[in-house]
Amino acid sequence: MGDCMFNIRKILDESNKNENKILRKKASDVSFPLSKEDEETALYLIDYLRFASIEENAIKYNLRPGVGLAAPQLGISKKMIAIFIEYFDEENKVTNKLEYVLINPKIVSHSARLAYLRGGEGCLSVKLDKEGFVPRYFFITVTGYDYLTKKTITQKFRGYEAIVLQHEIDHLDGVLYFDHINKETPWKKIDGAIEI
């Protein structure tokens with residue numbers, strides 16, 4: 001990549017048979033203290049999301065921006081995910097952001113109520129979007145070690161943020177978002193669910 005600020009790694013593609021095998025594996029727990037390699041992976045996950053979110057970087061290096069990335073998508077079958085969600089005002093200026101690098105994240109409770117994104121979900125490991133509504137919990141509580149603050153957290157998430165977390169945590173179980181789509185009627189509204 002030449003003059004790039006960091007070495008861009010390949011993101012696995014589920015349509016490639018060999019890469020799909022890795023994406024479909026259950027990831028292993030990460031042990032503490034973190035190895036140098038695990039620390040590098042944790043940092044890379046968030047660095048990639050931050051870097052690719054800048055439009056000129058995405059264009060220059062042909063990157064797909066994303067709001068989440070999991071270690072298995074880099075071919076590293078370990079329980080690590082990063083979340084990077086930016087919030088913008090009317091002038092397209094960033095007003096707030098949510099960022100975590102969670103190690104061994106776990107959903108410890110969730111709402112009965114479901115939610116879904118009106119346009120469906122996408123994934124950096126799925127080159128051709130698979131269409132349909134993806135049912136998720138509207139509200140979740142997640143626990144895990146946050147590499148950015150160096151603390152174990154127990155945090156509640158709702159709506160879009162909860163959906164992003166569930167999508168990434170699924171990667172640790174070898175699950176891809178389209179596994180949840182109703183094959184017969186992909187765009188059938190989900191009863192009682194909140195559309196986001």
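Reader: What makes Asn92 count as exposed or buried?

Author: Asn92 has a relative accessible area of 59%, and the cut-offs are under 20% for buried, over 50% for exposed and partly exposed in between (1.4 Å probe, protein chains only). So Asn92 is exposed. Bear in mind that this is a predicted model, where local features need pLDDT of at least 70, side-chain atom pairs count only at pLDDT 80 or more, and totals for chains, interfaces and linings use all residues. Residues are numbered from 1 along each chain as its sequence is written, and side-chain values use heavy atoms, leaving out hydrogens and water.

Reader: And why is Lys150 called partly exposed?

Author: Its relative accessibility is 46%, so Lys150 gets the in-between label. Lys150 also has a positive phi of about 60° without being a glycine.

Reader: How do you know that β2 and β3 pair?

Author: Two strands pair if DSSP finds at least two bridges between them. Strand β2 (residues 80-88) and strand β3 (residues 94-110) have nine, in the antiparallel sense. Strands here are DSSP runs of E, at least two residues, and helices are runs of H or I, at least four, numbered from the N terminus.

Reader: What makes α4 mostly covered?

Author: Twelve of its 14 residues are buried, including Ile163 and Leu172.
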